[in-house]
Amino acid sequence: MSIEALGISKHFGAFAALKDVSLRVETGELVALLGPSGSGKTTLLRIISGLEKADAGAGMVRLHGEDVTTKGVGYRRVGFVFQHYALFRHMTVFENIAFGLRVKRRSQRASRQQIREKVEQLLRLVQLEWLAGRYPAQLSGGQRQRIALARALAIEPQVLLLDEPFGALDAKTRQELRRWLRRLHAELHVTSVLVTHDQEEALEVADRVAIMNAGRMEQFGTPAEVFHHPANEFVMNFLGHVNVFHGRVEGGRAILGPMEIDYSGRPHATTVPARGLVRPYDLEIEHHPNGKPGFAATVCHINSAGPRVKIDLTAESGEAVHVELAHERFRALALEAGQQVFVVPREVNVFVDEGQG
Amino acid sequence: MAQRTLRRKIERFLWRKPRAITEPLVVRWTAIAITFTFIGLFLVLPLAAIFTQALASGLTAYFRSLWDTDTLSAIRLTLITAAVAVPVNLVFGVAASWAIAKFEFLGKSVLTTLIDLPFAVSPVISGTIYVLFFGLHGYLGPWLKAHNIEIVFAVPGIVLATVFVTFPFVARELIPLMQAQGTEEEEAALTLGAGGWQTFARVTLPNIKWGLIYGVILCNARAMGEFGAVSVISGHIRGLTNTMPLHVEILYNEYNFVGAFAVASLLTVVAMITLVLKSFAEWKFKEESVQAAEEVEGLPQ
């Protein structure tokens, strides 16, 4: 079942939550909507589900090609998983999962026995068979979310929508559930959209990632695409730590803070403001200049606890610079705080202020 | 998790306070003694007096005075009034709190304030308003007279006044509870294919059950005990428009002390039953609210 949300705009009072956003999710795909809070990702998800309506006349929602823009949430048959689980607190786990089956019209309702079997099967799927008789208040957060997922799957939804499903969980549980969701998706292959503000989660779980900011979609692509070829500064900034060097481009060169590099993207002689973004692991440290463009800096602080060594430096021109090195390289360099070194960027993403110069 | 809940329940039951409170023993005992003396003087003694007076001429006299035709009709009228006012306010209270807690609409804050109005004005004024409105010289009086509809100095007026005076009880209990519980569970029910009515009956209502019962108990107690508003609008017609509280007054003014206190004792019994039910519902209701608060914080991991 494919999902299409086309030209969606949504206002809450004067606030524009979504500005002409379009999203196409192919059958069986898992897409992550990634963005900071207030970027409109949850609103988009709720509009797809039917819990929220787009502004009148602004946008269309299609599920498997069928226009459901005016249809209610019940008609759309979407499985929705809420950030705070939204389990029915007065019902047992069993009753929670059975809910969607019990509220069906009599003619479509399964028999008692069939419902029991279905619920047991779902409990096995989420590996929580022994919790059938418990109440939500007696479960851990991770268990609640798995039950919420089982409940959503009970109605055999056309699509599965997950609104920050792991947002309220601790880091370890979150990671476990993330892997588990990936496996579950591989098994069930139900078209899914996951909302998250955690870039690691989005890149790890999703087939494709849509990055949202201030009601707009900044980029939509595979995790590798968005990570290695960020469409703009926001995307690059959002997908991990970066060093930002302010400067300008002119005549095929980019002068960015302490360094100067070739910039073929703009051969014009006119000067325009620009910024160079470099990931901490795309900076190399040398003891001496090796002919490549780079800049001198002083080591301030070294943190070697972790998979990579994190080094804080101060460039001669005063900018703070963060570098990440492999442990081997760090040992080979034998760095110490206070040392004078030479920083060489391997890859710089230059973003020019458009519309100027 | 389950253990923690249990411990919390026990602590709540035992009323254990943090150890940091370290007033000297004398202060604590003085405070307790003052409280008990006060309650004894102003609550227990009068209550005891009611029963002593009611039974002053013996059990036979007590029951005979209750078996009086006018008294029986006062009891009947009180029951009828409560039987209409409570369900009406139950429906109104649920509808109003549902609207206020779960939707955004124009005039919401005005409505929230207006719900408290009956608590803010003296019941006598509420009664007077109805007389002014429906009375013979009131706005609707002539029209009602022409159509032979009796409201003032009749049962409909008493019921109306009672409904007015008691309508905040249910809504006031439910609004904060429903606001704390939010709309996520209802939304979940909708995504699972439940209709509006199913969502209400299977999700909303069970979640507010104890808050609702608590509100109904308070509403009922007030409906049966209301004096001021009803007194203005009833006209005190014996056997016709006399509720129990009004009847107590009439009997007392006629120096029929046994009768007055006998009826009063019935109201007292109602009050005591209310207290017991109220405490139980309150206890359950608190659990509901605490759970709602916990869920919002997303506390337990």
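The model is predicted. Chain B and chain A bury about 2600 Å² between them. In chain A, one open sheet has four strands and another open sheet has five. Over all chains, the structure holds 31 salt bridges.

**Interface of chain B and chain A**

- Chain A contributes 31 residues to the contact, and chain B contributes 23 residues.
- Of the roughly 2600 Å² buried between chain B and chain A, 55% lies on carbon and sulfur atoms.
- The rule finds two salt bridges across this interface.
- B:E187 and A:R46 form a salt bridge, with their closest N and O atoms 2.5 Å apart.
- On chain B, helix 11 (184-191), helix 12 (196-225) and helix 15 (257-297) each supply at least two residues of the side that touches chain A.
- Helix 11 of chain B gives the largest share of that side, seven residues.
- By class, the side of chain B that touches chain A has eleven nonpolar, seven polar and five charged residues.

**Four-stranded sheet of chain A**

- This open sheet of chain A has the strand order 2-1-4-5, with antiparallel pairing.
- Strand 2 (15-25) and strand 5 (66-67) of chain A are the edge strands, and each pairs on one side only.
- Strand 4 (residues 60-63) and strand 5 of chain A run antiparallel and are joined by two bridges.
- A:R62 has A:D67, in strand 5 of chain A, as its bridge partner.
- Helix 1 (residues 41-49) of chain A packs on the sheet and touches strand 1 (3-12), strand 2 and strand 4 of chain A.
- The direction of helix 1 makes about 120° with that of strand 1 of chain A.

**Five-stranded sheet of chain A**

- The order in this open sheet of chain A is 15-19-16-17-18, and the pairing is antiparallel.
- Its edge strands are strand 15 (283-286) and strand 18 (320-325) of chain A, each pairing on one side only.
- On average, neighbouring strands of this sheet are turned by 45° against each other, direction ignored.
- Four bridges pair strand 15 of chain A with strand 19 (residues 340-345) of chain A in the antiparallel sense.
- A:L283 has A:P345, in strand 19 of chain A, as its bridge partner.

**Strand 11 of chain A and its partners**

- Strand 11 (residues 243-250) of chain A pairs with strand 14 (residues 272-278) of chain A over seven bridges, in the antiparallel sense.
- In strand 14 of chain A, A:G276 stands opposite A:F245.
- Strand 11 of chain A also pairs with strand 12 (residues 253-256) of chain A, antiparallel and over four bridges.
- In strand 12 of chain A, A:L256 stands opposite A:G247.
- Strand 11 and strand 12 of chain A form a hairpin with two residues between them.
- A:G251, in the turn of that hairpin, has a positive phi of about 50°.

- Strand 9 (residues 208-213) and strand 10 (residues 216-221) of chain A run antiparallel, joined by five bridges.
- A:R216, in strand 10 of chain A, stands opposite A:N213.
- Two residues lie between strand 9 and strand 10 of chain A in this hairpin.
- A:A214, in the turn, has a positive phi of about 45°.

**Links between parts of chain A**

- A:R174 and A:D198 meet through their side chains in a salt bridge, at 3.9 Å from N to O.
- A:R174 lies in helix 6 (residues 171-188) of chain A, and A:D198 in the loop between strand 8 (191-196) and helix 7 (199-205) of chain A, so this pair ties together parts that are 24 residues apart in sequence.
- A:N349 lies in strand 20 (residues 349-352) of chain A.
- The C-alpha atoms of A:N349 and A:H229 are separated by 9.0 Å, although the two residues are 120 residues apart along the chain.
- Neighbours within four places in sequence aside, A:N349 is in contact with A:P230, A:M236, A:R275, A:G276 and A:L277.

Key. Residues are numbered from 1 along each chain as its sequence is written. Chains are lettered from A and ligands numbered from 1 in the order in which they are written. This is a predicted model: local features need pLDDT of at least 70, side-chain atom pairs count only at pLDDT 80 or more; totals for chains, interfaces and linings use all residues. Side-chain values use heavy atoms; hydrogens and water are left out. Contact means heavy atoms within 4.5 Å. Buried area is the accessible area (1.4 Å probe) that two parts lose on being put together, summed over both. A salt bridge is a side-chain nitrogen of Lys or Arg within 4 Å of a carboxyl oxygen of Asp or Glu. Ala, Val, Leu, Ile, Met, Phe, Trp, Tyr, Cys and Pro count as nonpolar, Asp, Glu, Lys and Arg as charged, and the others, Gly among them, as polar. Two strands pair if DSSP finds at least two bridges between them. Axes are lines fitted to C-alpha atoms, for helices over the stretch in contact, and angles run from 0 to 180 degrees between N-to-C directions.
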